[in-house]
Amino acid sequence: MRARIFGAEKSTGPAAEEAGGILTIDLNALAANYRDLKKRAAPAACAAVVKADGYGLGLGPVAQALAGAGCTTFFVALIEEALRLRAALPTAAIYVLDGLNPGTAALFRTLRVEPVLGSWPEIDEWDGLAADSDEPLPAAVHIDTGMRRHGISNEDAIAFAERLKLLHFKPSLVMSHLACADDPSHPMNAQQIVEFRALRSFFPGIPASLANSAGLLAHPDARFDLVRPGISLYGGRALIKGDNPMRPVVRLQLRIVQVRNVNKGESVGYSAEQHLARDSRIAVLAAGYADGIFRAAGASDNKKGAEAVVAGKRCPIVGRVSMDLITIDVTNVPEAEVKRGDLATLIGDGISVDDFAARAGTIGYEVLTNLGRRFARVYVGG
Ligand SMILES: *Cc1c(COP(=O)(O)O)cnc(C)c1O
C-alpha cells in the first residue's frame, strides 16, 4: 500500500484518480463519537471495539485516533488483530474477544494481550501458562447470560468464582454480552442485566462489563464498570428505532466511467432484470460487489435498489450490481452536471451507512466491514 500525506489528510490504497472510488474516513468524527460515548458512560470507563480492522475502516488509523481521544482499553476479535494493534499502541490494554486459540497462549503473553476466556479448556490452558510464569497474566472471563454463543454458563461461573483463590492468574474483567440490546423493549435485556448483576457479585473487586453500543445508549443499568461500544464509534446505528445520535464517519464516492443514453423499454445489466420506463441517461460507476456493494443493493422491475447522489439529486441504481460496475439513473440531473470522471456519492450527502444497508437488506455493520480495499482511502483529521 502506498501512503501519501498532504496537509491534514493521509491516504492509503490506490491514488484517487486510479481508483474506482474514494472512501473518506473522518477521524475527527470518530474521536468526537468516542468522547460523546465516554461522557454518556461515565462513571463507567469506555473501551473501544476495533475488531475486523476497526469495523473495516483501518485498524491503525482508527486505533491511533481513539487513543488520541483518550481511549486506553481496546477489544479485537483475534490474536492476529491484537498483534497489529499492539504495534500501533504499545501500552494500551488489549482484549481478544474470540478467546484463546489452542497453542497461542505464549503469544498472548509476549504481546501483553489478554484473552477473553469463554470455556473451561481455555481457562485451564491459560491457568497452566500462568502456573509456569512469574507474571500475573490477567485475562477476562466471559459469562453467558443468554446469548448462547461464547462464555461459561451461570453455574460454571459460580464454580469458577469458588476456585478463584486456587488460580494462578487473576481475572481482570468479568463480562457478558447482550443479545437484544438494539431493541430496548425486548424483555431479554432486563433478564440479562439482572442475571449479570447477580453473577458479578461473586467476583468482588473485579471490574464488570456488559454493554455494547446499544446497551450503552439505551440501558443505563447495563453500564457497570466498562462499556464496549463498536458500531456507534463508527457512526453506525446501534438501536433499530429512533434517531442515531452519532456523527457519520464514512463517505463513499464512486467514479463515473461514462454517461450513456438508454431507450425506453430497453433493459440495463445482467439478466435484463430492469427495463426503463422512459428514455434515460445512465451513469456507469466503477465499483461493484467486489468492493462491498452488495448484489442485494441492485434493482429490478419489481424491486428498488440503493441510491446515489449526483449534483444534489438522488439517483437510483438500475439493474443488477456487477462485480466492478453499477449503473444509476441520472436522467433528472442536468446534462452539464454529470460527466465522465465525476463522482457519485453512495454513502454521504444525506445517505447514511444504515440507509444504504437497509436498501441491501442488511445492517451498517456488514456494510462497513465489507468496504472494499480497492478504494482510495483518505483519512481526514486525527
Ligand atoms: C462486537 C462486540 C461488541 C461491540 O458491539 P457494537 O454493537 O458494535 O457496539 C461488544 N462486545 C462484544 C462481545 C462484541 O462481540
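I will start with Asp354, which sits in helix H10, residues 353-359. Bear in mind throughout that this is a predicted model. Asp354 is buried and yet has no salt bridge. The nearest side chain of opposite charge belongs to Arg237, 5.0 Å away. What does Asp354 contact, leaving aside its neighbours within four places in sequence? The list is Gly235, Gly236, Arg237, Asn244 and Gly364.

Next, the domains. The assignment gives domain 1 as 43-234 and domain 2 as 250-380. Their C-alpha centres are 39 Å apart. To the contact, domain 1 gives 9 residues and domain 2 gives 9 residues.

Ser232 is in the loop between strand E12 (226-227) and strand E13 (250-262). Is Ser232 buried or exposed? It is buried, with a relative accessible area of 0%. Not counting residues up to four places away in sequence, Ser232 touches Asn33, Leu37, Ser213, Leu217, Ala238 and Met246. For a distance in the other sense, take Ser232 and Arg340: 108 residues apart in sequence, and 36 Å apart in space from C-alpha to C-alpha.

Now the aromatic rings. A pair of rings is described by the distance of the centres and the angle of the planes. How many aromatic pairs does the count give? It comes to 8. One of the pairs is Tyr55 with Tyr365, a tilted arrangement at 6.2 Å centre to centre with 35 degrees between the planes. This pair links distant parts of the chain: Tyr55 is in helix H2 (residues 51-55) and Tyr365 is in helix H11 (residues 364-370), 310 residues apart. Tyr55 is buried at 6% relative accessible area, while Tyr365 is partly exposed at 29%.

Another pair is Phe160 with Phe203, which is also tilted, with 6.1 Å between centres and 35 degrees between planes. Phe160 lies in helix H7 (residues 154-162) and Phe203 in the loop between helix H8 (187-200) and strand E11 (208-209), so the pair ties together parts 43 residues apart in sequence. Phe160 is buried, with a relative accessible area of 0%. Phe203 counts as buried too, at 0% relative accessibility. Both rings belong to one aromatic cluster, made up of Trp120, Phe160, Phe169 and Phe203.

There is also a charge over a ring to mention. Lys10 lies over the face of Tyr379, at 5.8 Å from the ring centre.

Last, the backbone. The peptide bond from Ala42 to Pro43 is cis, with omega near 10 degrees. Pro43 lies in the loop between helix H1 (27-41) and strand E4 (45-46).

Ala52, not a glycine, has a positive phi of about 50 degrees. Ala52 is placed in helix H2, the helix that also holds Tyr55. Its relative accessible area is 34%, so Ala52 is partly exposed. Ala272 has phi near 50 degrees, again positive in a residue other than glycine. The place of Ala272 is the loop between strand E14 (267-268) and strand E15 (274-275). Ala272 is partly exposed, with a relative accessible area of 34%.

Key. Residues numbered from 1 in each chain as written. Predicted model: local features only at pLDDT ≥ 70, side-chain atom pairs only at ≥ 80, totals over all residues. Heavy atoms only, no water. Phe/Tyr/Trp six-rings, centres within 6.5 Å; stacked < 30°, edge-to-face > 60°. Helix = DSSP H or I, 4+ residues; strand = E, 2+ residues; numbered from the N terminus. Buried < 20%, exposed > 50% of the residue type's maximum accessible area, 1.4 Å probe, protein only. Lys NZ or Arg CZ within 6 Å of the ring centre and 35° of its normal. Lys, Arg positive; Asp, Glu negative; His and termini not counted. Salt bridge = Lys/Arg side-chain N within 4 Å of Asp/Glu carboxyl O. Contact = heavy atoms within 4.5 Å. Domains from an automatic or database assignment.
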